[in-house]
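Dear colleague,

Please find below the structure that I am handing over to you. My notes on what was found in it follow directly after it.

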Amino acid sequence: GSNQHGDKRGALIVLEGLDRSGKTSQSSRLVKYLDGLGYPVESWRFPDRETAVGKMISSYLTNQSQLDDHTIHLLFSANRWEKRSLMEAKLKSGTSLIVDRYSYSGVAFSSAKGLDIEWCKAPEVGLLAPDLVVYLDIPPERAAERGGYGGERYEQLEFQKNVSQYYKMLSDASWKIVDASLPMEDVEKQLKEIVLDCIVSCQKGKSVS
Ligand code: DGP
Ligand code: NA
Ligand code: NA
């Protein structure tokens, strides 16, 4: 689509982090900011609990159903796959996406249960690669202090500690790490800079492959 910043592809920006790291509120602040600057942008999140697959995931997370660890892993992945073509279309039309959780959550959370990490990565192969991964870094203990663990299946300190180890393992030099234990406004300021930078450089160069 046409917009004031030209007919360029959008950026795929992923926010990752433990539960209660602040991804969700930061993601909506980011979208408001970018929208205000005139960039076409949407806020997405995984799991997307609205689809048929997403409803199964939601039921599992709220302990209303039980599923084998491998089965739920594949459902989370399927939930990303079912949005792939729409994601690609949005990016090609110039809309940037701020995505709250993606494949890294898939691998970190399932590996933290003891599933083989390579097995966990396999169904993610072929999903669109992010232009930027931002990790909201918070010690699991600090996240737990924030309260609001909603009683969902994974919201337990010991498990989150395990997840954070797997995130560390998955991260590479391309990830931007933001200290999420800072005041919300400071986190917001850093995120705005990092993300705007990515969107601008994304529009200068690359095309969706
Ligand atoms: P959220 O709606 O962002 O609070 O995510 C729900 C919970 O599910 C949260 O504890 C993180 C976890 N989660 C998100 N994506 C995946 C995934 O792909 N696989 C697994 N096993 N867990 C995930
Ligand atoms: Na959660
Ligand atoms: Na990675």
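Predicted model: local features only at pLDDT ≥ 70, side-chain atom pairs only at ≥ 80, totals over all residues.

Which residues in H1 meet which residues in H9? Ser-25, Gln-26, Arg-29, Leu-30, Tyr-33 and Leu-34 in H1 meet Met-184, Glu-185, Val-187, Glu-188, Leu-191, Lys-192, Val-195, Leu-196 and Ile-199 in H9, where contact means heavy atoms within 4.5 Å. By class, this contact has nine nonpolar, two polar and four charged residues; Ala, Val, Leu, Ile, Met, Phe, Trp, Tyr, Cys and Pro count as nonpolar, Asp, Glu, Lys and Arg as charged, and the others, Gly among them, as polar.

Residues are numbered from 1 along each chain as its sequence is written, chains are lettered from A and ligands numbered from 1 in the order in which they are written, and side-chain values use heavy atoms, with hydrogens and water left out. Helices (H or I, at least four residues) and strands (E, at least two) are DSSP runs, numbered from the N terminus.

Helix packing

H1 and H9 pack at an angle of about 55°, with their axes 10 Å apart; axes are lines fitted to C-alpha atoms, for helices over the stretch in contact, and angles run from 0 to 180 degrees between N-to-C directions. The two helices are therefore oblique to each other, since angles under 35 degrees count as roughly parallel, over 145 as roughly antiparallel, 65 to 115 as roughly perpendicular and the rest as oblique. H1 passes H9 in a right-handed crossing (left-handed if the near helix is turned anticlockwise from the far one by less than a right angle, right-handed if clockwise).

Helix H2 (residues 52–61) packs against helix H3 (residues 69–81) at an angle of about 135°, and their axes are 9 Å apart. That makes H2 oblique to H3. The crossing of H2 past H3 is left-handed. Among the residues in contact are Val-53, Met-56 and Ile-57 of H2 and Ile-72, Leu-75 and Phe-76 of H3. This contact has nine nonpolar, two polar and one charged residues.

For H5 and helix H8 (residues 157–170), the axes come within 8 Å and cross at roughly 130°. That makes H5 oblique to H8. H5 passes H8 in a right-handed crossing. The residues in contact include Tyr-104, Val-107 and Phe-109 of H5 and Phe-159, Val-163 and Tyr-166 of H8.

Loops

Pro-47 lies in the loop between strand S2 (41–45) and H2, and the peptide bond from Phe-46 to Pro-47 is cis, with omega near 0°. Asn-63, in the loop between H2 and H3, has phi near 60°, a positive value in a residue other than glycine. Ser-181 is in the loop between strand S5 (176–179) and H9. Not counting residues up to four places away in sequence, Ser-181 touches Asp-137, Ile-138, Pro-139, Arg-142 and Arg-146. Ser-181 and Leu-136 are 45 residues apart in sequence and 8.6 Å apart in space, C-alpha to C-alpha.

With kind regards
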